[in-house]
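Colleague: I'm new to this one. Can you put it up and walk me through it?
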Amino acid sequence: MRKSLVGLLAVAMVVVAAVQADDDVPFTDEDLESEESMWKLYERWYGVYHGSSSSDGLADMVSRFEVFKENARYVNEANKKKGMTYKLGLNKFSDMTMEEFTAKYTGGRPGPVAGAKTWTTCTASERPAAANDWCVPSSWDWREHGVVTHVKDQRNCGSCWAFGAVGAVESINAIRTGKLLNLSEQQVLDCSGGGNCSGGYPYTALQYARDTGITTDANYPYTARKQPCTFDPRKMRPIVKISGIYRVPYGDEETLKQAVYFYGPVAGALIEASKDFVHYREGVFRGSCGTSINHEVLVVGYGKIPHGPRYWIVKNSWNTTWGEKGYIRMVRDIDFEEGICGIATYALFPAGIFTSTATAAAY
């Protein structure tokens, strides 16, 4: 086998360089029939996600080929299951083991929330038993209201805890002021004390946004590695502060929905990034995952497929090449208290803002 792969390397550089930069790598059963057809599929995938390569890169291709084959077969078999409401696909993580992936691209940790207020409204006793959408509309998407920044890329740094928190602060600021600012995850990574590229605490990130405030990414750009803090509040304006932090009660998807509608996108929504989640491509996700929460995402809305499942609209921080242009729809209101992948176990959001600019003002 190794000899046959070495022979293919003679043409691999030309093939890889010629592949178009499209983030979709479709394949069929025929692509998985033999080692040679699998290698050709791997070349196509590599060209999309790594581009043309040096000989060192090609040597790395050979070493990761076995992992890629396993993941490609897993995706193929999963998509053949009956009753699927979603599809998996090959993406930039498809030559990584789950251990490698988890070490580099997750890192959300629950941690303490002693200072957060529990937010409840429109309780079960206040609505008819049959009314699932008593207090809020049946669907809501904050992206349609211009208060969600573009999908970002944490790269190979486990800083999802900073991205989720910053995303919530960006949105609450836009909702209250009408100004959508691209705020700095790097400042939170370097200065908040909440963690590093091996993981961190969303609540600590939000505490930092409350106590110190966050400047723009232009003032403090992202580098995907933790560095000494260089934040200077005298020079790095505007600075956005939040006024407080709320948490959603454990296992309460109804209150989570209300929080999203009444306040804005919810951060600190920790989920388990399982193998199915990692390879998600499109549709309403209801794949295999548990509650070993390790990754922070941002819930920006919710909706329902006509005569089909209800879902959360979730913004991720793995670039637009993942999922539905960087988003995933995750099934909601399931018969499991913690929600899909544990999404209802640990949810936080800013209570409001106190934005510190040239003239500080409360909102």
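Colleague: Which elements each supply at least two residues of the lining of the largest cavity?
Modeller: Helix 5 (160-177) and strand 11 (295-304). Helices (H or I, at least four residues) and strands (E, at least two) are DSSP runs, numbered from the N terminus. This is a predicted model: local features need pLDDT of at least 70, side-chain atom pairs count only at 80 or more, and totals for chains, interfaces and linings use all residues. Residues are numbered from 1 along each chain as its sequence is written, and side-chain values use heavy atoms, without hydrogens and water.

Colleague: Which element gives the most to that lining?
Modeller: Helix 5, with six residues.

Colleague: How much space lies in the largest cavity?
Modeller: About 110 Å³. A cavity is a set of points on a 1 Å grid over the protein atoms alone where a 1.4 Å probe fits but cannot get out; lining residues have an atom within 4 Å of a point. The lining has 15 residues, and F163, G164, K315, N316 and S317 are the closest to the centre.

Colleague: How many helices and strands are there in the chain?
Modeller: Nine helices and 16 strands.

Colleague: What share of the residues is buried?
Modeller: Of 363 residues, 54% are buried, meaning under 20% relative accessible area with a 1.4 Å probe, protein chains only.

Colleague: And what about contacts between residues at least 6 apart in sequence?
Modeller: Of those, 75% join residues at least 24 apart. Contact means heavy atoms within 4.5 Å.

Notes:
Buried < 20%, exposed > 50% of the residue type's maximum accessible area, 1.4 Å probe, protein only. 1 Å grid on protein atoms, 1.4 Å probe; cavity = no way out; pocket = protein on both sides within 12 Å on 5 of 7 lines; lining within 4 Å. Points joined across faces, edges and corners; volume = space filled by probe spheres on them.
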